[in-house]
Amino acid sequence: MTKRFFIISLILLGLASITFGQKTVSPAKKKLVADLTAKTSAIFPAETIDTLFKDVQAERMAETAKGITDSLVAKIDSNNKLTAQEKDEIKSKIPALSKKLAELSMNFIGKDFTIQNWVNESFQKYYSTKFTTTELRQLNTYFQSGNGKQVVQIFKTQIIGGITDDKKTSNAKDDALMENFLKKSFAQKFFNVLLENILEEVMQKTDAWGKKALRELDKSLDNGEMKRLLEDFIITNIKA
């Protein structure tokens, strides 16, 4: 009985430590976080990155499709049982096959790429955990001002420039405004949280998504719809 009571006591103590260890965010702080997210999430150019990232993935998918079609052409050319006319006839059907492969590839690119949601989630997460209520009020007040709104756009322009390798993304007026912003007591901390936590986490998520999309493409090629499409083409045209 004593042993059982001791075990139950340990479990209850464990539950209590979990409960009291969790930091609850007050409604007032939640509102400050939501307000600051609304004012500053535009810093991260989600639409631009969405377009650029999908373009990169589309190029990779196109390279894969080209590799497949080049391999088919080689198979056709090396088939001694086919006449020159038959080879040309089969090759003429490859563009239609490439189009179908490209359409299947695009399904992987657009799937589950919700970068705007990732941005908002990361902003809210780190605003809640990294800033005090006082700091959130100061940040909300600043980013509500005209200068604050300009700083958001400067941040956004700088990030886009970094992604697109555009060196001409700042001017003397913007530099002076940013220098003035960084002199404020809360600014350096905001800058560090933005770069080291928020942007880093969003980029990690986009990288993970890209790897997942390529894995799904490989899976489709190994034992999925793309493989069946290729096998049907080979059976119907080359083997026949």
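This is a predicted model: local features need pLDDT of at least 70, side-chain atom pairs count only at pLDDT 80 or more; totals for chains, interfaces and linings use all residues.

Residues are numbered from 1 along each chain as its sequence is written, and side-chain values use heavy atoms, with hydrogens and water left out.

**Helix pairs**

Helices are DSSP runs (H or I, at least four residues), numbered from the N terminus. Axes are lines fitted to C-alpha atoms over the stretch in contact, and angles run from 0 to 180 degrees between N-to-C directions.

| Pair | Angle | Axis distance |
|---|---|---|
| H3 and H6 | about 135 degrees | 9 Å |
| H3 and H10 | roughly 20 degrees | within 11 Å |
| H7 and H8 | about 90 degrees | 4 Å |

Angles under 35 degrees count as roughly parallel, over 145 as roughly antiparallel, 65 to 115 as roughly perpendicular and the rest as oblique.

H3 spans residues 46–78 and H6 residues 115–130. The two are therefore oblique to each other. Their crossing is right-handed, that is, the near helix is turned clockwise from the far one by less than a right angle. Ala46, Ile49 and Asp50 of H3 contact Ile115, Gln116 and Val119 of H6; contact means heavy atoms within 4.5 Å. Four of these residues are nonpolar, one is polar and one is charged. Here Ala, Val, Leu, Ile, Met, Phe, Trp, Tyr, Cys and Pro count as nonpolar, Asp, Glu, Lys and Arg as charged, and the others, Gly among them, as polar.

H3 and H10 are roughly parallel to each other. This crossing, too, is right-handed. H3 contributes Phe53, Gln57, Arg60, Met61, Thr64 and Ile68. H10 answers with Thr206, Trp209, Gly210, Ala213, Leu214, Leu217 and Leu221. The contact has eight nonpolar, four polar and one charged residues.

H7 covers residues 133–144. Its angle makes H7 roughly perpendicular to H8. Tyr142, Phe143 and Gln144 of H7 meet Gly146, Asn147, Gly148, Lys149, Val151 and Val152 of H8. Four nonpolar, four polar and one charged residues make up this contact.

**The largest pocket**

The largest pocket has a volume of about 160 Å³. Twelve residues line the pocket, and Ile154, Phe155, Gln158, Met178 and Phe191 lie nearest its centre. H8 (146–164), H9 (172–182) and H10 (187–223) each supply at least two lining residues. The lining has nine nonpolar, two polar and one charged residues. A pocket is an open set of points on a 1 Å grid over the protein atoms alone, where a 1.4 Å probe fits, with protein on both sides within 12 Å along at least five of seven lines; lining residues have an atom within 4 Å of a point. The volume is the space filled by probe spheres set on the points.
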